[in-house]
Amino acid sequence: MIKRNKMAIIGLGVSLFLLLIQLVMDTKGIYFQLGPPSKGIGHHTISALLIIAAVISAVYMLTDKGMKWLAIGVGIFFILVTSAPNLLMETKYTTFSSPDQSEKFVVIEKGYVKLYQISNTGLFMTALTKTRLDVDREYKPFSEGTYELEWESPNTLIVHYAFNYKHQFKTIELQYQND
């Protein structure tokens, strides 16, 4: 019994530690993923799995039924908070590479637009913009093909994109890293 409880404590500790690391990385605009964003396991799914592991460990450790149900309720709440926005919006992915094919990028459009650089390992993607690109009423310029890329000096990308259905363009200059 003590050995089984010890495993539950370790499972809870590891799950919470990994969730904390993921939270810190998220605040820095770095997202952990398994596989390409459009087909792989994204950071939201990984968060939900870690929450489930933490809840299972907590439920196994607790003896009071009321506390077990409270742990399950808190777990469901956090899963819904982190997952609901992604389930409610259609997501479109557009990928492209630098002219020398050494760097890969993805644009994720789901009610807003964000650009990311994908690491060479494919395990991380880093946000290239601190904020979302300004577009009108959930317009998706990249999946619509209304954008142009200009590759300037090394590590500089200029993106011209339509921000509305009238095809009026905006420009943003981005700095990216060479892995």
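Which residues have the most contacts inside the largest nonpolar core? Here are my notes, starting with that point.

1. The largest nonpolar core has 15 residues, and Leu115, Phe142, Val159 and Tyr161 are those with the most contacts inside it. A nonpolar core here is a set of buried Ala, Val, Leu, Ile, Met, Phe, Trp, Tyr and Cys residues joined through side-chain atoms within 4.5 Å. Three strands, β3 (104–109), β4 and β7 (156–162), each supply at least two residues of this core. Of these, β7 gives the most, with 3 residues. Strands (E, at least two residues) and helices (H or I, at least four) are DSSP runs, numbered from the N terminus.

2. Before you read on, please keep in mind that this is a predicted model: local features need pLDDT of at least 70, side-chain atom pairs count only at pLDDT 80 or more, and totals for chains, interfaces and linings use all residues. Residues are numbered from 1 along each chain as its sequence is written, and side-chain values use heavy atoms, with hydrogens and water left out.

3. Val159 is worth a look in your viewer. This residue is found in strand β7 and is buried, because its relative accessible area is 0% (buried means under 20%, exposed over 50%, partly exposed in between, with a 1.4 Å probe and protein chains only). Leaving aside neighbours within four places in sequence, Val159 is in contact (heavy atoms within 4.5 Å) with Leu115, Phe142, Glu148, Leu149, Lys170, Thr171, Ile172 and Leu174.

4. Not counting residues up to four places away in sequence, Leu115 touches Phe96, Val106, Val107, Thr126, Ala127, Leu128, Thr129, Leu133, Phe142, Val159 and Leu174. There is also a second, separate core of 10 residues, which includes Leu12, Ile46, Val55 and Ala58.

5. Now to the helices. Ser47 is found in helix α2 (residues 43–61) and counts as buried because its relative accessible area is 12%. Beyond four places in sequence, Ser47 touches Leu19 and Gln22.

6. Ile10 lies in helix α1 (residues 2–27) and is partly exposed, since its relative accessibility is 46%. Together with Met7, Val14, Phe17, Leu18 and Ile21, Ile10 forms a nonpolar patch on the surface, with about 560 Å² of accessible area in total.

7. Gln101, in the loop between β2 (92–97) and β3, has a positive phi of about 65 degrees although it is not a glycine. Gln101 counts as exposed because its relative accessibility is 53%.

8. Ser119 sits in the loop between β4 (113–118) and β5 (124–127), and at 18% relative accessibility Ser119 counts as buried. The side chains of Ser119 and Thr121 are joined by a polar contact of 3.0 Å (a pair of N or O atoms within 3.5 Å; within protein, one must be able to donate a hydrogen and the other to accept it, and residues adjacent in sequence count only if both atoms are side-chain atoms).

9. Thr146 lies in the loop between α4 (141–144) and β6 (147–151) and is buried, with a relative accessible area of 10%. Apart from neighbours within four places in sequence, Thr146 is in contact with Tyr139, Pro141, His160, Tyr161, Ala162, His167 and Phe169.

Terms used:
Patches are made of residues with over 30% relative accessible area and no salt bridge: like charges are joined within 9 Å, nonpolar side chains (Val, Leu, Ile, Met, Phe, Trp, Tyr) within 5 Å. Accessible areas come from the Shrake-Rupley method with a 1.4 Å probe; for residues, only the protein chains shown count as cover. A salt bridge is a side-chain nitrogen of Lys or Arg within 4 Å of a carboxyl oxygen of Asp or Glu.
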